[in-house]
Amino acid sequence: MGRGMLTTADPHRATEPVLTTTVAREYVHRAALSEVLMTGWNKLGRDSFVATAQWPRGHSFYTPEHGLHDPLLLCETIRQASTLLAHVGYHIPLGHHLTWSRLQYTLVPEAMRIGKTPADIQLHVVCSDIRYHRSIPVTMSMHMEATRDGVPFATAGVRFAGHSPAVYKRLRAGRGEVEEVFAKAPQPPEPVSRSAVGRLRKQDIVLAPTSERGRWQLRVDTSHPVLFDHALDHVPGMLLLESVRQAAHAMEPGRATALLPTSMDVSFNRYIEFDEPCWIEAGPAPTTASSAGTRSTIRVNAVQKGFSAFHASAELADAAWI
């Protein structure tokens, strides 16, 4: 049963309010309590669950635009939900490392409108393609349908692997000492301009300029309080998703309004390391007219040491048209 909802079975106290809290931060791999979005979970069947989350009306990094929640807040919710259910639903130990290999989502942008209270989100989750080792899953997929006030607004899929500390240390080949690797991460290069990527704060910019159009160096600032909420030994997936959004902005210089990533299809192929430059390469971003306004599509590769470490295709909507 879920751990986020506290209710009373005493009929004489049935009028008392339901008390809601967030899940334990350890279940979603967060250090800051303020960054925990998940509020509860319940098991519905052998491999089906419902997980609940709440989105704040404002966030320091996933900032609202034109009265709309940031779609990457959905991605962070997917990340937290998959991590939570891996631990509480399948008993993957807290010390294990969980690694994404695929992420897909699509959402209805009009449903991201900010209300007068925080948004309560339900994720209906079905797990499949589970491979076990000694009764612990080592790979699995999750399909999610998100609802808000009972109305569906997004679908998502994620596939990830779980590694024990010993396996992860072998897999990382000398880079598995997290605190040591994190402490040695180099200082980030100077960023592109704020206006180029639609960000107001320097620390939120994840691209650095190069001399080539459609190509940037990935800017990894390990002091960022949200993207690096705790020590890591490689670049986190949420930073890479942000690079897709910022690359789309940078492909359209002079854009005055924000682009909201309404869908993504992402493959994580290799760990991206701190001590080697990583290049973000964006393909053409043609636009098509639609009833909702102008949409952009973009294809992004993250290349490190000559290998494609990350690939994404995304559709983005102009926030001013929603």
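Trainee: Helices (H or I, at least four residues) and strands (E, at least two) are DSSP runs, numbered from the N terminus. Where does Lys-305 lie, then?

Mentor: Please keep in mind that this is a predicted model. Lys-305 is found in the loop that runs between β14 (293–304) and β15 (307–318). Its phi is positive, at about 55 degrees, although Lys-305 is not a glycine.

Trainee: Is Lys-305 buried or exposed?

Mentor: Lys-305 counts as exposed, because its relative accessibility is 59% and the cut-off for exposed is over 50%.

Trainee: What about His-29, and which loop holds it?

Mentor: His-29 lies in the loop between β2 and β3. Here too phi is positive, about 55 degrees, in a residue that is not a glycine. With 23% relative accessibility, His-29 counts as partly exposed.

Trainee: Let us turn to charges. How many salt bridges does the count come to?

Mentor: The count comes to 21 salt bridges. One of them joins Arg-30 to Asp-229, with the closest N and O atoms 3.8 Å apart. Arg-30 is in the loop between β2 (19–20) and β3 (38–45), and Asp-229 is in the loop between β10 (215–218) and α5 (237–250), so this pair ties together parts that are 199 residues apart in sequence.

Trainee: And why does Arg-30 count as buried?

Mentor: Arg-30 has 10% relative accessibility, and buried means under 20%, so the residue falls in that class. Asp-229 counts as buried as well, at 12%.

Trainee: Which class do Glu-177 and Lys-169 fall into?

Mentor: Glu-177 is partly exposed, with 39% relative accessibility. Lys-169 is also partly exposed, at 49%. Their side chains meet in a salt bridge, with 3.1 Å from N to O.

Trainee: What joins the side chains of Glu-242 and Arg-199?

Mentor: They meet in a salt bridge, 3.2 Å from N to O. Glu-242 belongs to helix α5, whereas Arg-199 sits in the loop between α4 (194–197) and β9 (207–208), and the pair links these distant parts of the chain, 43 residues apart. Both Glu-242 and Arg-199 are buried. Salt bridges with shared partners join Asp-70, Arg-199, Arg-201, Asp-204, Glu-242 and Arg-245 into one network.

Trainee: Which ring does the charged end of Arg-199 sit over?

Mentor: The ring is that of Phe-61, and the charged end of Arg-199 is 4.3 Å from its centre. In another case, the charged end of Arg-270 sits over the ring of Phe-307, 4.0 Å from the centre.

Trainee: On to aromatics. How many aromatic pairs does the structure hold?

Mentor: There are 8 aromatic pairs. In one of them, Trp-55 and Phe-153 have ring centres 6.0 Å apart and planes at 85 degrees, so the pair is edge-to-face. Another edge-to-face pair is formed by Tyr-168 and Tyr-271, with 6.1 Å centre to centre and 90 degrees between the planes. Tyr-168 and Tyr-271 are both buried.

Trainee: Which residues do ring pairs link into a cluster?

Mentor: That cluster consists of Trp-100, Phe-268 and Phe-310.

Trainee: Phe-310 leads me to Val-266. What is Val-266 in contact with, neighbours within four places aside?

Mentor: Its contacts are Ser-101, Arg-102, Leu-103, Leu-241, Phe-310, His-311 and Ala-312. Val-266 lies in strand β11 (residues 259–268) and counts as buried, at 0% relative accessibility.

Trainee: Last topic: how many disulfides does the search find?

Mentor: A search of the whole structure finds 0 disulfides. For Cys-127, the closest cysteine sulfur is in Cys-75, 18 Å away, which is too far for a bond. The sulfur of Cys-278 is likewise 18 Å from its closest cysteine sulfur, in Cys-75, again too far. Cys-127 is buried, with a relative accessible area of 5%, and Cys-278 counts as buried at 3%.

Definitions and conventions: Residues are numbered from 1 along each chain as its sequence is written. This is a predicted model: local features need pLDDT of at least 70, side-chain atom pairs count only at pLDDT 80 or more; totals for chains, interfaces and linings use all residues. Side-chain values use heavy atoms; hydrogens and water are left out. A salt bridge is a side-chain nitrogen of Lys or Arg within 4 Å of a carboxyl oxygen of Asp or Glu. Buried means under 20% relative accessible area, exposed over 50%, partly exposed in between (1.4 Å probe, protein chains only). A disulfide is a pair of cysteine sulfur atoms within 2.5 Å. Contact means heavy atoms within 4.5 Å. Rings of Phe, Tyr and Trp (its six-membered ring) pair if their centres lie within 6.5 Å; planes under 30 degrees apart count as stacked, over 60 as edge-to-face and the rest as tilted. A charge sits over a ring if NZ of Lys or CZ of Arg is within 6 Å of the ring centre and within 35 degrees of the ring normal.
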